[in-house]
Amino acid sequence: MAHECGCQSHPPATAQAAGVPMTADLTVGDVAHHYAGALDIMKEMGLNHCCGAHLTLREAAASAGVPLDTLLDALSHPAAVKA
């Protein structure tokens with residue numbers, strides 16, 4: 001499956017990373033790979049996983065104009081995000 005930008009997709013995460021707290025210093029790519037549902041949440045918030053996978057969540061949130069605390073909260077509590 002290819003992403004919208006044409007890159008090859010990465011395998012979807014199947015569960016939240018055990019024992020790894022969600023922090024602003026994780027990269028977008030790591031979060032998308034290790035946390036189930038994170039890619040959908042980041043896409044809803046305007047974060048670009050394909051071309052921005054190397055960015056930290058702090059950098060990606062700033063680039064997308066999303067408050068960092070809002071992003072971290074949504075990623076830490078995915079059930080609270082609208083489906």
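Predicted model: local features only at pLDDT ≥ 70, side-chain atom pairs only at ≥ 80, totals over all residues.
View 1. Residues are numbered from 1 along each chain as its sequence is written, and side-chain values use heavy atoms, without hydrogens and water. You will find five helices and zero strands here (DSSP runs numbered from the N terminus: H or I of at least four residues for helices, E of at least two for strands).

**View 2. Here is the largest nonpolar core, with 19 residues.** Such a core is a set of buried Ala, Val, Leu, Ile, Met, Phe, Trp, Tyr and Cys residues joined through side-chain atoms within 4.5 Å; buried means under 20% relative accessible area, with a 1.4 Å probe and protein chains only. Helix 5 (68–76) is among the helices that each supply at least two residues, and helix 5 gives the most, with four.

**View 3. Look at methionine 42 and its partners.** Leaving aside neighbours within four places in sequence, methionine 42 is in contact (heavy atoms within 4.5 Å) with Val28, Val31, Ala32, Leu47, Leu57, Leu71 and Leu75.

**View 4. Helix 4 and helix 5 pack at an angle of about 120°, with axes 9 Å apart.** Axes are lines fitted to C-alpha atoms over the stretch in contact, and angles run from 0 to 180 degrees between N-to-C directions. Leu57, Arg58 and Ala61 in helix 4 meet Leu68, Leu71, Leu72 and Leu75 in helix 5.

Terms used
Buried < 20%, exposed > 50% of the residue type's maximum accessible area, 1.4 Å probe, protein only.
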